[in-house]
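Subject: Structure handover

Hello,

Here is the structure I promised to pass on. Please open it beside this email and read the two together.

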Amino acid sequence: MERVVLVTGASGGVGLALCQRLLEEDGRIHLCIACRNVQKSEATRDLLLAAHPAAQVSTVEVDLGNLASVLRAAQELRCRFQRLDFVYLNAGIMPNPQVNFKALWHGLLTGKVLHMLTTAEGIMTQTDRLNGDGLQEVFATNLFGHFILIRQLQSLLCGNEKPSRLIWTSSSNARESAFSLSDYQHAKGQESYSSSKYATDLTSVVLNRKFNNQGLYSSVVCPGLVMTNMTYKILPVFLWKLLMPIMWLIRFFAKTYTLTPYNGAEAHVWLFKQKPEYLDLLVKYHSCTTGLGRCYVEARKMDVDEDTAEKLYQKLLELEEQFLEKYSELLD
């Protein structure tokens with residue numbers, strides 16, 4: 001039987017490149033693309049089928065920042081499939097990103113600028129807001145919506161003949177210093193993206209502890225610095241055009257400057273070919289590119305505290321309980 005692969009955030013950027021590369025890797029898979037915009041998902045499906053006419057590509061509508069939408073999508077997927085082999089939890093947002101040029105200049109003077117440019121530490125801030133569910137929008141979209149989705153799809157992911165895989169798109173910007181267990185939605189800070197990605201790393205660690213014995217394995221990847229619609233919002237377009245030659249030059253010194261979505265999907269595709277039983281579950285897999293453009297994957301230990309991970313998981317379960325009660329009419 002063909003493997004069933006679900007990809008969220010598949011209509012552009014790394015998500016779209018991943019879908020293209022997966023079909024090149026194995027044209028027999030059933031690829032289900034999950035997007036919040038129906039027109040974009042249909043256009044993406046047509047684009048993929050134009051290159052792979054014999055492929056099985058379906059769509060499902062889901063807005064990860066809207067829990068009612070997540071529950072409806074999960075119900076549809078449970079009706080449509082008997083199992084899921086891979087779920088790529090790739091959708092994400094970074095609203096109103098701002099560059100702290102003063103911090104960047106300080107980094108240049110202190111010799112820390114390369115580290116800052118490769119991790120965005122200290123130079124990137126975001127302005128978050130509440131969504132319709134009363135949750136912080138970045139937390140809801142990047143983490144909690146995905147958490148609810150996989151919890152609702154547990155019957156398709158656990159107890160299968162072969163292991164099922166969760167592969168989260170994290171970031172090198174995922175930092176403990178941006179995360180607080182007492183403010184895990186990051187309502188009080190200005191680094192909501194970094195906080196949500198660190199919370200993603202923590203969640204993956206706990207999911208492995210809870211579900212490996214049921215045949216479900218979770219991994220975390222970093223696509224590197226990729227030029228996507230999310231990245232282009234950080235600076236005006238004309239500035240990016242001026243900076244691009246410098247970006248290509250920096251890649252000789254910063255291997256995580258993957259720059260293109262195709263390169264950024266390298267770790268995602270590499271994990272598609274690995275047996276999860278042999279992976280280090282406390283490692284983040286980074287897409288890297290040499291100065292001359294050769295793609296490869298580098299494994300780096302995650303800076304996560306397993307006790308903090310367990311406490312966050314319990315908070316997510318408590319939050320889940322509240323919303324399942326609120327949306328009980330959408331449950332089977």
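Below are the findings, grouped by topic.

First, the ground rules. This is a predicted model, in which local features need pLDDT of at least 70 and side-chain atom pairs count only at pLDDT 80 or more, while totals for chains, interfaces and linings use all residues. Residues are numbered from 1 along each chain as its sequence is written, and side-chain values use heavy atoms, with hydrogens and water left out.

**Nonpolar cores**

A nonpolar core is a set of buried Ala, Val, Leu, Ile, Met, Phe, Trp, Tyr and Cys residues joined through side-chain atoms within 4.5 Å. Buried means under 20% relative accessible area, exposed over 50%, and partly exposed in between (1.4 Å probe, protein chains only).

The largest core has 56 residues. Leu6, Leu84, Phe144, Leu153, Leu157 and Leu166 touch the most other members. Helix H6 gives this core its largest share, eight residues. Helices here are DSSP runs (H or I, at least four residues), strands likewise (E, at least two), both numbered from the N terminus.

A second, separate core holds 30 residues. Cys19, Leu23, Leu48 and Ala267 are among them.

Take Leu6 as an example of contacts (heavy atoms within 4.5 Å). Leaving out residues up to four places away in sequence, Leu6 touches Cys32, Ala34, Val60, Leu77, Leu84, Phe86, Val87, Tyr88, Leu149 and Leu153.

**Aromatic pairs**

Rings of Phe, Tyr and Trp (its six-membered ring) pair if their centres lie within 6.5 Å. Planes under 30 degrees apart count as stacked, over 60 as edge-to-face, and the rest as tilted. The count comes to nine aromatic pairs.

One of them joins Phe86 and Phe272. The pair is tilted, with 4.8 Å centre to centre and 45 degrees between the planes. Phe86 lies in strand S4 (residues 86-89) and Phe272 in helix H12 (residues 266-272), so the pair ties together parts that are 186 residues apart in sequence. Phe86 is buried at 5% relative accessibility. Phe272 is buried too, at 4%.

Phe147 and Tyr313 also pair, edge-to-face. Their centres are 5.8 Å apart and their planes stand at 85 degrees. Phe147 is in helix H6 and Tyr313 in helix H13 (residues 306-326), so this pair links parts 166 residues apart in sequence. Both Phe147 and Tyr313 are buried. Ring pairs link Phe139, Phe144, Phe147, Tyr184, Tyr313 and Phe323 into a cluster.

Thr203 is in helix H8. At 2% relative accessibility, Thr203 is buried. Beyond its neighbours within four places in sequence, Thr203 is in contact with Leu143, Phe147, Trp168, Leu312 and Leu316. Thr203 and Leu316 are 113 residues apart along the chain, yet their C-alpha atoms are separated by 9.2 Å.

Glu137 is in helix H6. Glu137 counts as buried at 17% relative accessibility. Its contacts, residues up to four places away not counted, are Ile93, Asp128, Arg129 and Asn131.

**Cavity and pocket**

Both were found on a 1 Å grid over the protein atoms alone. A cavity is a set of points where a 1.4 Å probe fits but cannot get out; a pocket is an open set with protein on both sides within 12 Å along at least five of seven lines. Lining residues have an atom within 4 Å of a point. Points are joined across faces, edges and corners, and a volume is the space filled by probe spheres set on the points.

There is one cavity of 30 Å³ or more. The largest cavity has a volume of about 60 Å³. Ile150, Arg151, Gln154, Leu157, Leu166, Leu207, Phe211 and Leu216 line it. Helices H6 (137-152), H7 (154-157) and H8 (192-211) each give two or more residues to this lining.

The second largest pocket has a volume of about 520 Å³. Of its 15 lining residues, Arg3, Asp85, Glu161, Lys162 and Pro163 are the closest to its centre.

**Two positive phi values**

Most residues other than glycine have a negative phi. His186 has a positive phi, near 60 degrees. His186 sits in the loop between strand S7 (164-169) and H8, and is buried at 8%. Leu259 has a positive phi near 70 degrees. Leu259 is in the loop between helix H10 (237-250) and helix H11 (261-264), and is buried at 3%.

Best wishes
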